[in-house]
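I opened the model today and kept notes as I went. Here is what I looked up.

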Amino acid sequence: MMRIERILANNPGPFTGPGTNTWLLDDGSGTAVVIDPGPIDRSHMDRLLERLGGLQPIAVVVTHTHPDHAPLANPLARELEIPAYGHSPGPGFDPDSRLVDGSTLDVGQIRLEVIHTPGHADDHLCFRVEDVLFTGDHIMGGSSVMVEDMGRYLDSLTRLKDTGLNRLHPGHGEEMEDPDRVIDWYIAHRRQRHEQIFEAIQAGARSASEIVGRVYADVDRSLHPLAARSVEAHLTLLRDQGRIALSTDRTISVPPDPS
Ligand SMILES: [Zn+2]
């Protein structure tokens with residue numbers, strides 16, 4: 001039976017919660033893969049090497065190239081003399097092999113399936129093994145996700161619904177059960193924010209920072225820069241939906257009602 005172990009990286013903070021979850025997955029007979037080694041950190045690398053003692057790691061994989069997930073991947077892979085895999089190169093990461101939607105990686109007796117889930121980042125991947133999904137930053141335990149591309153993000157969530165998942169292992173925070181309920185909540189939360197943002201615009205807000213002040217008043221101020229990026233993603237989607245117009249400097253206007 002496969003075994004899953006979480007090793008928390010030493011990078012707690014407003015954007016990372018308790019820190020990045022590095023997941024060790026082994027097939028039950030010792031063949032293993034490392035998911036999201038995290039930032040460059042010698043002590044975290046030493047802990048990973050210690051936990052991998054006695055196992056046969058065959059690959060290091062990353063969900064995406066943000067600095068709290070990927071930079072330790074190449075050094076760890078080199079140390080273990082195994083390949084590093086990811087969707088594409090990014091800051092501090094250069095995959096030995098690229099993964100795309102539908103790629104698979106055989107880890108001894110288990111098979112890791114790759115699902116491309118753009119939205120939080122263009123290069124974001126989720127990894128499925130049996131009824132377990134490693135979600136990276138696509139779905140997080142206990143905090144809301146910064147989104148770069150809202151249309152694609154919602155599509156990527158919808159695609160995971162009703163696919164027989166039983167457990168989510170996120171890049172930050174605790175494991176989650178009842179994935180379909182969690183995914184429904186994420187979609188509903190995003191749609192609610194989308195309408196709140198449109199209402200703020202109708203009430204006179206004309207920039208992302210004005211919207212953050214109104215819509216994210218309940219969110220800790222240290223997270224407002226992150227919220228502003230998600231608001232930009234909502235604005236782009238509102239424009240694509242024809243509900244607002246955006247000038248080149250991203251000033252918002254509401255088109256006159258065509259009727
Ligand atoms: Zn990220």
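This is a predicted model: local features need pLDDT of at least 70, side-chain atom pairs count only at pLDDT 80 or more; totals for chains, interfaces and linings use all residues.

**The zinc site**

I checked the geometry at the zinc ion first: angles among its 4 donor atoms run from 87 to 169°, and the site is irregular.

Residues are numbered from 1 along each chain as its sequence is written, and side-chain values use heavy atoms, with hydrogens and water left out.

Which protein atoms hold the donor places? I found H64 (NE2), H66 (ND1), H120 (NE2) and D137 (OD), lying 2.2 Å from the zinc ion. (Donors are N, O and S atoms within 2.8 Å of the metal, or 3.2 Å for Na, K and Ca; water is not among the atoms, so sites may look incomplete.) I wrote their spacing down as H-x1-H-x53-H-x16-D. H64 and D137 sit 73 residues apart and link distant parts of the chain.

**Helix 4**

Next I followed helix 4, which has 24 residues. (Helices are DSSP runs of H or I with at least four residues, strands are E runs of at least two, and both are numbered from the N terminus.) Just after helix 4, I noted that G204 takes a positive phi of about 120°.

Methods: The expected span of a helix is 1.5 Å times one less than its number of residues. Four donors count as tetrahedral if all angles lie between 85 and 135 degrees; four count as square planar and six as octahedral if opposite donors are over 155 degrees apart and all others between 65 and 115; anything else is irregular.
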